[in-house]
Amino acid sequence: MMTNFEIRREGNCVTVAPATDVVASLVGELRPAMRDLVRSGVRQMVLDLGRAEMVDSTGIGLMLSAFNSISAAGGEFSVVGASREILELLRTMRVQQHFPVSGR
Amino acid sequence: MKESNAVRPPGMLLRREVTAAFPEIDRLCGELRTGVLADFPPRERFAVELLLREALTNAVRHGTGAGGLVRCEIEWIGNGVAIRVCDSGSGFDWRKSEHLTCDSRAESGRGIQILRQYSNALRFNESGNSVEVIRVISQGRT
């Protein structure tokens, strides 16, 4: 089945790379996949936003959900590849106080 | 050549009725990016789309229900845009959300917060099924 995201594994780290915007329509598909990764023992997860032009409140909720479950299990979550506008949104919503966020 | 926002006369940029479904929001926003918002500075294009998305998402989640219709419009008001979203549902109690401060680790509840942060004015009607969002557009900021 075609998915709108790619999962890359490198050592202990798993990178989840959406092929499109991280918004309400994608989160329904992305959330169970990320939850399954945490349940399978992944403790280092990177969300790569390199191909996303937009993140909405549902997408931010997904990031916090991933961070909450991984940090509760003693792991680490981070976001990379954010556009300038997405970085500003994440800064405004104060999510960077919980996990690292970097730009393109 | 496209008209720049600096000289654009006030007028309707978009008026549409869409089905209350997330893929419809994506389709409309994709159309906006390459259409009426294409000549906005990137920061403003992002902000206007984000405001429209949050208002529409709110209508889908709390408004008319799946398959219902949501009316939306974007009007250029001379120095910015007025985004209006209205659905036929019973609305929601926006007054409660006025005093909410979202826990920074909470996994939901940021839609209204984003509407407030990215707008210059935010008005709901009495029943909460219609919202108007005003954003002044900064011409020089990219």
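This briefing covers the salt bridges of the structure above.

The model is predicted, so local features need pLDDT of at least 70 and side-chain atom pairs count only at pLDDT 80 or more, while totals for chains, interfaces and linings use all residues. Residues are numbered from 1 along each chain as its sequence is written, chains are lettered from A in the order in which they are written, and side-chain values use heavy atoms, without hydrogens and water. Over all chains there are 19 salt bridges (a side-chain nitrogen of Lys or Arg within 4 Å of a carboxyl oxygen of Asp or Glu).

**Pairs between chains**

- Asp21(A) and Arg33(B) form a salt bridge, with 2.5 Å between the closest N and O atoms.
- This pair crosses from the loop between strand 2 (13–18) and helix 1 (24–39) of chain A to helix 1 (residues 22–34) of chain B (helices are DSSP runs of H or I, at least four residues, and strands runs of E, at least two, numbered from the N terminus).
- Asp21(A) is buried at 10% relative accessible area, and Arg33(B) is partly exposed at 24% (buried is under 20%, exposed over 50%, partly exposed in between, with a 1.4 Å probe and protein chains only).
- Arg43(B) pairs with Glu88(A) in a salt bridge whose closest N and O atoms are 2.7 Å apart.
- Here the crossing runs from helix 2 (residues 42–62) of chain B to helix 3 (residues 84–92) of chain A.
- Arg43(B) is buried at 18%, whereas Glu88(A) is partly exposed at 24%.

**Within chain B**

- Arg53(B) forms a salt bridge with Glu49(B) at 3.0 Å between the closest N and O atoms.
- Arg53(B) and Glu49(B) are four residues apart in helix 2 of chain B, and therefore about one helical turn apart.
- Both are buried: Arg53(B) at 4% and Glu49(B) at 2%.
- A network of salt bridges links Arg15(B), Glu73(B), Glu75(B), Arg84(B), Arg123(B) and Glu132(B).
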